[in-house]
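Have the sequence and the 3D view ready as you read.

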Amino acid sequence: MTETLSLIRVVTLLCVQQDRVLLVRKQGSPYWMLPGGKPDDNEAPLKTLQREIQEELGADIVESRWFGRFSAPAANEAGFTVQAEVYCAALTGPAPKPVPKLQRLAGSI
């Protein structure tokens with residue numbers, strides 16, 4: 001497998017409020033992670049983040065700023081590396097609630 005094929009690009013949210021970090025866990029996964037997901041074709045990173053947070057948590061983001069790009073072995077896909085564009089932002093709207101593909105929220109805000 002080539003390096004390009006083994007790389008998963010995602011955009012994630014680092015949301016810290018009241019000294020708590022918002023994390024999600026997908027159904028069937030033992031791992032907690034930052035909410036977010038993969039971009040659609042030609043989708044800008046912030047558009048990806050807005051769409052994913054709305055889909056996963058039913059919330060909107062405000063005051064977003066780029067935090068950094070990080071890579072690590074993929075938690076749920078053996079042999080793959082995840083490269084995450086991480087943004088800090090606050091949430092607006094109702095309190096976040098997990099959608100069916102997510103099992104739980106941790107550090108709910």
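Predicted model: local features only at pLDDT ≥ 70, side-chain atom pairs only at ≥ 80, totals over all residues.

Start with β6 and β7: these two strands run antiparallel, and 11 bridges join them.

Now turn to β1, which covers residues 7–14. Strand β7, residues 81–92, runs parallel to β1, and 8 bridges hold the pair together. Here are the residue pairs that you can look up across these strands:

| Residue | Stands opposite in β7 |
|---|---|
| Thr12 | Val86 |
| Leu14 | Cys88 |

How enclosed is β7 by the rest of the structure? Of its 12 residues, 9 are buried, so β7 is largely enclosed.

Stepping back to the whole sheet, you will find 4 strands in the order β5-β1-β7-β6. The sheet is open, and its pairing is mixed. Which strands stand at the edges? They are β5 (36–37) and β6 (60–73); each has a single partner strand, so one side of each is left without a neighbour in the sheet.

Finally, look for helix α1, residues 45–57. This helix lies across β1, β5, β6 and β7, and runs at about 70° to β1.

Technical notes:
Residues numbered from 1 in each chain as written. Heavy atoms only, no water. Pairing = 2+ DSSP bridges. Contact = heavy atoms within 4.5 Å. Axes fitted to C-alpha atoms, helices over the stretch in contact; angles between N-to-C directions. Buried < 20%, exposed > 50% of the residue type's maximum accessible area, 1.4 Å probe, protein only.
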